[in-house]
Amino acid sequence: MAREWYKIYDSVIDSVCPDYKMGLEAVVNAIPSNAKNIVELGSGTGELTYRIAQTYPNTNIVGVDINIPLLDIAKYKSRSYGNVRLLNLDILGLDFAGFDTIVSGLVFHLLPQHYRDVILERMVSSQASAVVIFDRVKGETQEKEKTFLEYFAHNLQGKRLAQDLIEELIKESRINKPMKLSEQKKLFEENRFMLKILHQNPNHGFVTYGFYR
Ligand SMILES: C[S@@+](CC[C@H](N)C(=O)[O-])C[C@H]1O[C@@H](n2cnc3c(N)ncnc32)[C@H](O)[C@@H]1O
């Protein structure tokens, strides 16, 4: 994530990602009603974590993140929910055993391909019956990818953000390698999951989707 961004993350994320709240709500609403043990990958400042804790008080939620200052913010926000545990851990070091539901918001596009491939393999080999993700996905054609990036850059301009932050985010989004939905679909379907699209912004490439089995 862009340097120093965590300090202002909660106050700027709606500008950077206009679908943010809608995406998080879509994840919350897509969690199966029988979920018991939920893990959130890259829980950040805990915006998704506390929403899940609030909506499903009878579940246990474990949030995992490598960034300690972000975890501290998340801990503060979820302090009144006894069903939340936040761990300072790299997703790669996570043992998925025991979780029936895996959720994540705006994380996968940040991870290097080889990293992500390992994590996806572990998810499909786990006992989880639901994986719900909100993220920016790659356009299936180069043309579409170019349009996504143009919209993303356009969307940042004119917001009340520091110019150097805007430039850093645009640079970062060019380096990021969002996942193709079709590639994930293939892997998940091979492992008996079915894809369900829950929310989609055709302009920016932000999508909320779930895999269920
Ligand atoms: C863009 S933020 C999203 C935060 C939060 N999920 C949200 O929706 O607001 C990406 C988060 O992923 C975390 N992250 C990135 N790579 C990670 C890794 N390998 N293991 C754990 N967390 C990671 C970052 O520290 C950051 O909190």
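Trainee: In this predicted model, why are helix 6 and helix 7 called roughly antiparallel to each other?

Mentor: The axes of helix 6 (residues 142-156) and helix 7 (residues 163-175) come within 10 Å and cross at roughly 170 degrees. Angles over 145 degrees count as roughly antiparallel. The two helices are therefore roughly antiparallel to each other.

Trainee: Which residues make the contact between helix 6 and helix 7?

Mentor: Helix 6 contributes Leu149, Phe152, Ala153 and Leu156, while helix 7 contributes Ile166, Leu169, Ile170, Ser173 and Arg174.

Trainee: How do the residues of this contact divide by class?

Mentor: The contact of helix 6 with helix 7 has 7 nonpolar residues, 1 polar and 1 charged. Arg counts as charged, and Arg174 of helix 7 takes part in the contact.

Trainee: What makes Phe206 count as buried?

Mentor: A residue is buried if 20 or more other C-beta atoms lie within 10 Å of its own. Phe206 has 24 C-beta neighbours inside 10 Å, so Phe206 counts as buried.

Trainee: Where does Phe206 lie, and with which residues is Phe206 in contact, leaving aside its neighbours within four places in sequence?

Mentor: Phe206 belongs to strand 7 (residues 206-212). With those sequence neighbours left aside, Phe206 is in contact with Cys17, Asp19, Gly23, Arg136 and Asn201.

Trainee: How far apart are Phe206 and Thr45 in sequence and in space?

Mentor: They are separated by 161 residues in sequence and by 19 Å in space, C-alpha to C-alpha.

Trainee: Which residues have the most contacts inside the largest nonpolar core?

Mentor: That core has 46 residues, and those with the most contacts inside it are Val27, Ile31, Ile38, Ile102, Val131 and Val132. Its largest share, 5 residues, is supplied by strand 5 (residues 130-136). Beyond its neighbours within four places in sequence, Val131 is in contact with Ile102, Met123, Gly210 and Phe211.

Trainee: Which residues of helix 3 are buried, and what covers them?

Mentor: The buried residues of helix 3 are Leu48, Thr49, Tyr50, Ile52 and Ala53. Their cover includes helix 2 (20-30), strand 1 (37-41), strand 2, helix 4 (68-77), strand 3 (84-88) and strand 4 (101-105).

Trainee: Which residues come nearest to the ligand?

Mentor: Of the 19 residues around the ligand, Gly42, Gly44, Asn67, Ile91 and Gly105 come nearest. Helix 3 (47-55) and strand 2 (60-65) are the elements that give two or more residues to this shell. By class, the shell holds 10 nonpolar, 6 polar and 3 charged residues.

Conventions
Residues are numbered from 1 along each chain as its sequence is written. This is a predicted model: local features need pLDDT of at least 70, side-chain atom pairs count only at pLDDT 80 or more; totals for chains, interfaces and linings use all residues. A residue is near a molecule or strand if its C-beta atom, placed from the backbone, lies within 6 Å of it. Axes are lines fitted to C-alpha atoms, for helices over the stretch in contact, and angles run from 0 to 180 degrees between N-to-C directions. Angles under 35 degrees count as roughly parallel, over 145 as roughly antiparallel, 65 to 115 as roughly perpendicular and the rest as oblique. Two residues are in contact if their C-beta atoms, placed from the backbone, lie within 7 Å. A nonpolar core is a set of buried Ala, Val, Leu, Ile, Met, Phe, Trp, Tyr and Cys residues joined through C-beta atoms within 7 Å. A residue is buried if 20 or more other C-beta atoms lie within 10 Å of its own, exposed if 12 or fewer, and partly exposed in between; C-beta atoms are placed from the backbone.
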